[in-house]
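The following exercises concern the three-dimensional model shown below. Each task is followed by a solution in steps.

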Amino acid sequence: MSTASEQVILGFRESWNALLRLGPGALALNIALSALVILAAVGAGVLVRRLLKRGVRAMPGPADAEKTIRTRRVTQVTWAAFETGLVLAAFFALAAIWGFDILGWLTAGLGQRVVESVIRIAILAVATFAAAELATLLVNRLLARMAARKEAGVRRTAQLNTIGPLLHGVARGVIIIMGLMMILAEVGLEIGPLLAGAGVIGLAIGFGAQTLVKDFLTGIFLISEDIVAVGDVVEISGSSGVVEQMTIRTIRLRALDGTLHVLPYGEAQIIHNMTKVFSYHVIELGVSYESDIDKAFEVMAQVVEEMRADPDLSPRILEPLEVMDVSELADSGVVLRARIKTPPGAQWGVGRAFNRRIKAAWDAAGVEIPYPHMHLVMPQLAPSTPQPDDNSTEANA
């Protein structure tokens, strides 16, 4: 009984001999049919690619960054699967035209078993990818529905947006690992020893990567206790900025100048959250010693009330001005302190608007804002002392 390799070599040898016996007419016909198959495959590929692009553009819903990435990933996988099938179909068609019975070999004996195994592996790979994308979609839909509820405030929405990427990563990781295990089992590898080895390796990595475990657990507690969320303005280890993303291991801050600070959760020992529940703009302004302090505070309160009457600024000022009296008797003036309560993150804009208005209001009320002065004192020349006369000195002597 001949082996599988001998059967393959014998089949190709017979097909090659049949190819050599072709006449000019049959050869020209085969070339024409081959060109027709290639043109049909290229045309089908171009048509399907255009249809995919048109379908992506016609998808309803807002085109946010995450949806764009997910749609692009699904489109690329779909196109890769179709392109692979198209190439295989064209290859088999060309082989049949030129007398190579590849399908006959693949549907019998060893070839059949190989084809069935490849098909099952392909189905598992596609199913794993589809399950991972479906899990991401379901998590997004669930979080969006929870955030759309009336009782869900701004803080709850920020927390849901923070925990979303973590749930995506965990779900996708579990599904991909399960899919890989099933594919390895289909290839013929024993999963039991692999799982045992993975457990030992995981234990070794756990002992050697305690910092990673610490970062992961710290991040879980930060999110579950609602200490920080995406969109907050925080300061961690001397770096401050808006929380742009929270991954499984790191927190990413975008500074005012655009710098991206990436910090592991283990560095977040002390977190200064400047946008939790509410905020204050603290006012510390100086007036000259000659100015009326009570008048200065009265003008400040009037300016805040005018800002509260402004439709653009009213939603950003929650309470009247809170006067905190004189905070310091400085060298050049008296420092006054007060504060304005604002929603989270609105304190900086309210502060800039207040500074612009208080300058004009104090100028109109005669309250002087001190600034450094320099006094130049010219030294005075001492009167000259008369020198004794030599003659008189000699006479007295």
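**Exercise 1.** Is Lys-53 buried, partly exposed or exposed?

*Solution.* The model is predicted: local features need pLDDT of at least 70 and side-chain atom pairs count only at pLDDT 80 or more, while totals for chains, interfaces and linings use all residues. Residues are numbered from 1 along each chain as its sequence is written, and side-chain values use heavy atoms, with hydrogens and water left out.

Step 1. Buried denotes under 20% relative accessible area, exposed over 50%, and partly exposed the range in between (1.4 Å probe, protein chains only); the areas come from the Shrake-Rupley method, and for residues only the protein chains shown count as cover.

Step 2. Lys-53 has a relative accessible area of 46%, so it is partly exposed.

Step 3. Lys-53 is located in helix 2, residues 24–57. Helices (H or I, at least four residues) and strands (E, at least two) are DSSP runs numbered from the N terminus.

Step 4. Together with Arg-49, Arg-50 and Arg-54, Lys-53 forms a positive surface patch. Patch residues have over 30% relative accessible area and no salt bridge; like charges are joined within 9 Å, and nonpolar side chains (Val, Leu, Ile, Met, Phe, Trp, Tyr) within 5 Å. Lys and Arg count as positive and Asp and Glu as negative, without His and the chain ends; a charge is placed at NZ of Lys, CZ of Arg, CG of Asp or CD of Glu.

**Exercise 2.** Identify the residues with the most contacts inside the largest nonpolar core, and the elements that supply this core.

*Solution.* Step 1. A nonpolar core is a set of buried Ala, Val, Leu, Ile, Met, Phe, Trp, Tyr and Cys residues joined through side-chain atoms within 4.5 Å.

Step 2. The largest such core has 22 residues, and Met-300, Met-307, Leu-336, Ile-340, Phe-354 and Trp-362 have the most contacts inside it.

Step 3. At least two core residues come from each of strand 6 (279–287), helix 9 (293–309), strand 8 (334–342) and helix 10 (347–365). Helix 9 gives the most, with seven residues.

**Exercise 3.** Which salt bridge partners do Arg-337, Arg-308 and Asp-363 have?

*Solution.* Step 1. A salt bridge requires a side-chain nitrogen of Lys or Arg within 4 Å of a carboxyl oxygen of Asp or Glu. The structure holds seven of them.

Step 2. Arg-337 pairs with Glu-284, with 2.3 Å between the closest N and O atoms. This pair links distant parts of the chain, since Arg-337 lies in strand 8 and Glu-284 in strand 6, 53 residues apart. Arg-337 is partly exposed at 30% relative accessibility, as is Glu-284 at 43%.

Step 3. Arg-308 pairs with Glu-305, the closest N and O atoms lying 3.6 Å apart. Because the two are three residues apart in helix 9, about one helical turn separates them.

Step 4. Asp-363 pairs with Lys-359 at 2.5 Å between the closest N and O atoms. The two are four residues apart in helix 10, and therefore about one helical turn separates them.

**Exercise 4.** What is the phi of Val-277, and where does Val-277 lie?

*Solution.* Step 1. Most residues other than glycine have a negative phi.

Step 2. Val-277, although not a glycine, has a positive phi of about 70°.

Step 3. Val-277 lies in the loop between strand 5 (271–273) and strand 6, and is exposed with a relative accessible area of 60%.

Technical notes:
Areas by Shrake-Rupley, 256 points an atom, 1.4 Å probe, with all protein chains shown as cover.
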